[in-house]
Amino acid sequence: MSGGRVNQGGRDKEVIIKVRGLVNGFGDQLLHDHLDLDVYRGEVLGVVGGSGTGKSVLLRSIVGLNKIQSGTIEVFGQNTAGLNEAQMRQIEMRWGVLFQEGALFSSQTIAENIQVPLREYFQMSQDLMNEIASMKLSMVGLPEDAAAKHPSELSGGMKKRAGLARALALDPDVVFLDEPTAGLDPISANMFDELVKDLQKSLNLTVFMVTHDLDTLRATTDRIAVLVDRKIKVGTIDELRRDPHPWIQQYFSGPRGRAAA
Amino acid sequence: MSTVNDATAPDARARFRMERKPKSLRLVVEGEWTTKDAAKLDVQLRALQLGDAAEAQIDGSSLERIDSAGTWLLVRTKREWESAGRKVGPILLPNMYDSLLHTVEHEHTAPPVVIHNRHTLEAFVERVGKGTVHGVYQGAGILSYVGRVTLEWLEAIYHPRGNLRIAALFHQIEETGINALPIVGLLAFLIGIVLAYQGADQLKRFGAEIFTINLLGVGLLREIAGLITAIIIAGRSGSAFTAQIGTMRVNEELDAMQTIGINTVDTLVLPRILGLAIALPFLTFYADIMGMIGGAVMCYFDLHITLAEFLRQLQQAISLNTFLVGIIKAPVFALIISLVGCYEGLQVERNAASVGKLTTRSVVESVFLVIVLDAAFSIIFSIIGI
């Protein structure tokens with residue numbers, strides 16, 4: 001079965017990422033203990049959890065940056081563990097990752113950064129690549145003069161936008177965002193939320209977002225995955241508010257949680 | 001009557017065809033218009049001829065899939081036709097792509113990114129100019145830095161605040177001196193062997209093998225041991241100084257020190273300068289000895305000169321001055337290496353790439369200066385007749 005379909009609420013939803021029995025840990029300390037997770041096509045999934053519960057490790061495990069101890073991870077219906085390099089490249093073409101600090105290549109300009117994936121996979125004319133870079137820049141709301149700048153000349157928020165533009169360069173099916181609004185002022189964070197929502201709608205993206213920002217969760221996500229007790233609990237924000245687990249209660253009903261409501 | 005001209009192969013993943021009528025034309029696009037085929041479509045679309053039609057339309061209503069690159073190609077084509085004076089109706093796409101089309105068409109109106117050509121004469125002149133100005137500023141920067149370090153030194157000597165960090169000083173001596181003993185010793189030993197071997201080979205022809213020892217003694221003590229040691233230390237400790245101080249700059253540790261009120265030159269630079277100035281003469285002395293041992297070993301095996309003969313000849317060949325001339329240069333080399341290393345460390349900008357760049361520069365500059373200074377010393381010594 002390719003992709004896998006789950007019948008939920010009478011609607012067919014395609015499972016785009018399927019994690020089963022994931023075990024991760026350092027030494028004899030377990031971070032994830034047989035964790036299961038489904039991500040559906042076209043949804044925005046927020047991943048939350050206390051510090052050190054392995055949110056980023058989960059993201060890194062899915063994109064293959066972290067060697068998992070056991071379990072299976074299927075992306076686009078294929079188990080990533082059994083793929084050769086060429087097959088993995090086919091998958092890597094279809095996802096984009098925005099790292100916490102943007103991870104822009106410091107020796108290249110922003111336009112060149114966005115063109116890196118294009119250059120890697122396609123034989124495009126420089127003109128077309130310039131046009132695409134310019135289009136992606138305006139998509140993520142960066143001014144035109146940012147194109148010729150180097151990453152060190154940009155502010156934190158602009159770096160994240162540029163990182164997002166690079167992640168979107170190949171029009172991926174899924175984007176992974178690692179704490180996209182951390183370190184941004186509330187106004188920039190709001191704008192980033194809007195941006196993610198808009199792009200998700202217009203590009204029909206699936207978004208896997210690790211975040212701590214309750215406002216972001218409320219504004220952008222369809223479902224939220226909470227990492228507690230080395231497992232994951234998934235639900236909408238309202239479902240999770242009713243969850244009796246003490247950490248979840250504190251998280252969503254603490255002063256910040258209520259303020260974001 | 002419509003004629004079908006310019007069209008893609010009917011079995012392509014992304015297809016289009018031009019339907020031309022006398023007064024209007026219609027571009028019908030079908031299939032999957034994605035980034036995968038953008039390069040090919042780009043060329044084909046640019047080659048389309050408009051003819052004399054006054055009206056045009058782009059119809060993608062039967063597309064199976066389109067992404068932002070595909071949409072961009074359609075939008076660009078539309079804009080090109082419009083600027084060629086044609087009346088172009090709105091692009092037709094399946095409903096689900098409405099917001100994508102909106103995003104691409106309305107948010108992106110700026111001209112495409114221009115990447116400047118870096119190989120023009122103008123760019124060359126600009127680079128030369130920038131380089132010159134940078135060089136002048138660099139020189140002024142070094143001068144003012146040397147001035148500052150000198151003042152801090154005088155300050156530390158005349159008003160000892162007890163804050164010339166003794167622990168830091170000993171740490172530096174250990175780090176730059178004691179920990180460098182194995183590598184300096186081994187290399188000096190090998191240089192001694194090589195020098196003795198080559199010297200013996202040449203001098204044998206005149207039956208003057210015994211003078212290998214003179215060559216060894218004078219060569220090593222006056223020049224080579226000191227030079228080799230300074231170069232090793234420039235590579236080993238000069239680079240470490242730049243990297244350590246540079247990493248602290250990247251982590252904002254230097255800024256933190258400044259806000260607490262700690263003098264960075266006092267805490268970071270002075271112990272390194274003094275530490276290396278103490279360590280390097282000792283290292284040079286050690287390299288002298290190891291080089292001599294290497295030479296003696298070679299003389300024994302190659303020329304069958306016993307240790308007693310070796311020492312007797314050595315005593316005749318060298319005087320105390322020979323040794324002093326070599327050793328007196330060591331603190332000067334140390335000063336240069338640590339000054340350059342610390343200076344470049346303080347120049348690091350707040351990004352990781354600049355640490356690497358300046359570390360390289362620090363090593364190149366200090367090795368260069370050490371060799372230049374060594375030559376200058378030779379000239380001075382020959383003038384004053386030592």
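Me: What share of the 386 residues of chain B counts as buried?
Reply: The structure is a predicted model, and its chain B contains 12 helices and 6 strands. Among the 386 residues of this chain, the share that counts as buried is 34%.

Me: For contacts in chain B with a separation of 6 or more, what percentage comes from residues 24 or more positions apart?
Reply: The contacts considered here are those in chain B with a separation of 6 or more.

Me: Does helix H4 of chain B lie largely in the open or largely buried?
Reply: Helix H4 of chain B runs over residues 121–158 and has 38 residues. From its first C-alpha to its last it reaches 55 Å, close to the 56 Å expected at 1.5 Å a residue. The number of buried residues among the 38 of H4(B) is 1, so this helix lies largely in the open.

Me: How many of the residues in chain A are buried, as a percentage?
Reply: Chain A is built with 10 helices and 11 strands. It has 261 residues, and the buried ones make up 43%.

Me: Over which residues of chain A is the pLDDT below 50?
Reply: The mean pLDDT of chain A is 83, and 93% of its residues reach 70 or more. One stretch has a pLDDT below 50, although the model gives it 12 contacts beyond near neighbours in sequence. Where pLDDT is low, the predicted coordinates should not be read in detail. The stretch in question is residues 1–5.

Me: Which helix gives the most to the side of chain A that touches chain B?
Reply: The contact between the chains takes 25 residues from chain A and 23 residues from chain B. On the chain A side, helix H4 (126–139) and helix H6 (186–203) each supply at least two residues. These residues of chain A divide into 11 nonpolar, 9 polar and 5 charged. With 9 residues, the helix that gives the most is H4(A).

Me: What distance separates the end C-alpha atoms of H6(A)?
Reply: H6(A) contains several buried residues, among them Ala189(A), Phe192(A), Val196(A) and Leu199(A). Just after this helix, Asn204(A) takes a positive phi of about 50°. The 18 residues of H6(A) should span 26 Å at 1.5 Å a residue, which agrees with the separation of its end C-alpha atoms, 25 Å.

Me: Is Glu179(A) buried or exposed?
Reply: Glu179(A) is placed in the loop between strand S8 (174–178) and H6 of chain A. Its phi is near 45°, a positive value in a residue other than glycine. A residue needs 20 or more other C-beta atoms within 10 Å to count as buried. Glu179(A) has 21 such atoms, and therefore it is buried.

Me: In which strand of chain A is His34(A) found?
Reply: His34(A) is not a glycine, yet it has a positive phi of about 50°. It counts as partly exposed because it has 13 C-beta neighbours inside 10 Å. The strand of chain A that holds His34(A), covering residues 29–40, is S3.

Me: How far apart are the C-alpha atoms of Arg230(A) and Leu35(A)?
Reply: Arg230(A) lies in the loop between strand S10 (223–228) and strand S11 (231–235) of chain A. With 18 C-beta neighbours inside 10 Å, it counts as partly exposed. Leaving aside residues up to four places away in sequence, Arg230(A) touches Leu30(A), Leu31(A), His32(A) and Asp33(A). Arg230(A) and Leu35(A) are 195 residues apart along the chain, while their C-alpha atoms are separated by 7.3 Å.

Me: Is Ser107(A) buried or exposed?
Reply: Ser107(A) is located in the loop between strand S7 (95–98) and helix H3 (110–121) of chain A. Its C-alpha atom is separated by 7.2 Å from that of His150(A), 43 residues apart along the chain. Ser107(A) has 10 other C-beta atoms within 10 Å, so it is exposed.

How values were computed: Residues numbered from 1 in each chain as written. Chains lettered and ligands numbered in written order. Predicted model: local features only at pLDDT ≥ 70, side-chain atom pairs only at ≥ 80, totals over all residues. Contact = placed C-beta atoms within 7 Å. Helix = DSSP H or I, 4+ residues; strand = E, 2+ residues; numbered from the N terminus. Nonpolar A, V, L, I, M, F, W, Y, C, P; charged D, E, K, R; others polar. pLDDT = per-residue confidence, 0-100. Expected span 1.5 Å × (residues − 1). Buried ≥ 20, exposed ≤ 12 C-beta atoms within 10 Å, placed from the backbone.
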